[in-house]
Amino acid sequence: KVSYIIDQVMFLANKTSKKFSMGLEETQKANEFGAIESLVFSEKVIQDFDEQKVVDFLNDVEGKGVKIYSVDSSTDIGLRVTGLGGIVSLLRYSLET
């Protein structure tokens with residue numbers, strides 16, 4: 001499932017679609033609009049940012065019924081997520097930035 005989500009993010013990025021988010025700030029903005037469908041994060045994002053802030057954010061996202069997947073940053077898939085800002089999501093609808 002995680003591999004599919006990352007492949008979709010890359011596909012959408014290639015098509016210049018706005019139906020995905022990359023990085024904590026962009027993903028937080030998508031969450032404010034309730035646009036997140038599924039989210040993948042690497043534990044590296046917790047290490048790189050304020051741990052409590054990230055945990056609170058993930059709890060808020062999960063509370064909205066979003067499917068959340070965690071990956072180990074030492075795996076191939078985890079390295080891909082880390083390379084995309086440590087957190088990526090597929091969105092229910094496009095967001096204009």
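Serine 21 touches Glu26, Thr27, Ile87, Val88, Ser89 and Leu91, where residues up to four places away in sequence are not counted and contact means heavy atoms within 4.5 Å. This residue is found in strand E1. With 1% relative accessibility, serine 21 counts as buried; the term buried stands for under 20% relative accessible area, exposed for over 50%, and partly exposed for values in between (1.4 Å probe, protein chains only). The side chain of serine 21 also makes polar contacts with the side chains of threonine 27 (2.8 Å) and serine 89 (2.5 Å). A polar contact is a pair of N or O atoms within 3.5 Å; within protein, one must be able to donate a hydrogen and the other to accept it, and residues adjacent in sequence count only if both atoms are side-chain atoms.

The model is predicted: local features need pLDDT of at least 70, side-chain atom pairs count only at pLDDT 80 or more, and totals for chains, interfaces and linings use all residues. Residues are numbered from 1 along each chain as its sequence is written, and side-chain values use heavy atoms, with hydrogens and water left out.

**The chain as a whole**

The protein chain contains five helices and four strands, and from the N terminus on its elements run α-β-α-β-α-α-β-α-β. The chain is as compact as a globular protein of its length, because its radius of gyration is 12 Å, close to the 13 Å that the globule rule gives for 97 residues. Here the radius is taken over C-alpha atoms, and the rule is 2.2 Å times the number of residues to the power 0.38. Helices (H or I, at least four residues) and strands (E, at least two) are DSSP runs, numbered from the N terminus. Along the principal axes, the C-alpha atoms fill a box of roughly 30 × 30 × 20 Å.

Of the 97 residues in the protein chain, 39% are buried. Among contacts between residues at least 6 apart in sequence, 83% join residues at least 24 apart. The chain exposes about 5600 Å², of which carbon and sulfur atoms supply 49%; these areas come from the Shrake-Rupley method with a 1.4 Å probe, and for residues only the protein chains shown count as cover.

**Further residues**

Serine 17 lies in the loop between helix H1 (2–14) and strand E1 (20–22). A polar atom of the side chain of serine 17 is 3.1 Å from the backbone nitrogen of lysine 19.

Leucine 12 has its place in helix H1. Leaving aside neighbours within four places in sequence, leucine 12 is in contact with Ser17, Lys19, Phe20 and Leu90.

Phenylalanine 33 is placed in the loop between helix H2 (24–32) and strand E2 (36–42). Not counting residues up to four places away in sequence, phenylalanine 33 touches Tyr93 and Leu95. Phenylalanine 33 and tyrosine 93 are 60 residues apart in sequence, and their C-alpha atoms are 10.0 Å apart in space.

| Residue | Relative accessible area and class |
|---|---|
| Serine 17 | 18%, buried |
| Leucine 12 | 13%, buried |
| Phenylalanine 33 | 52%, exposed |
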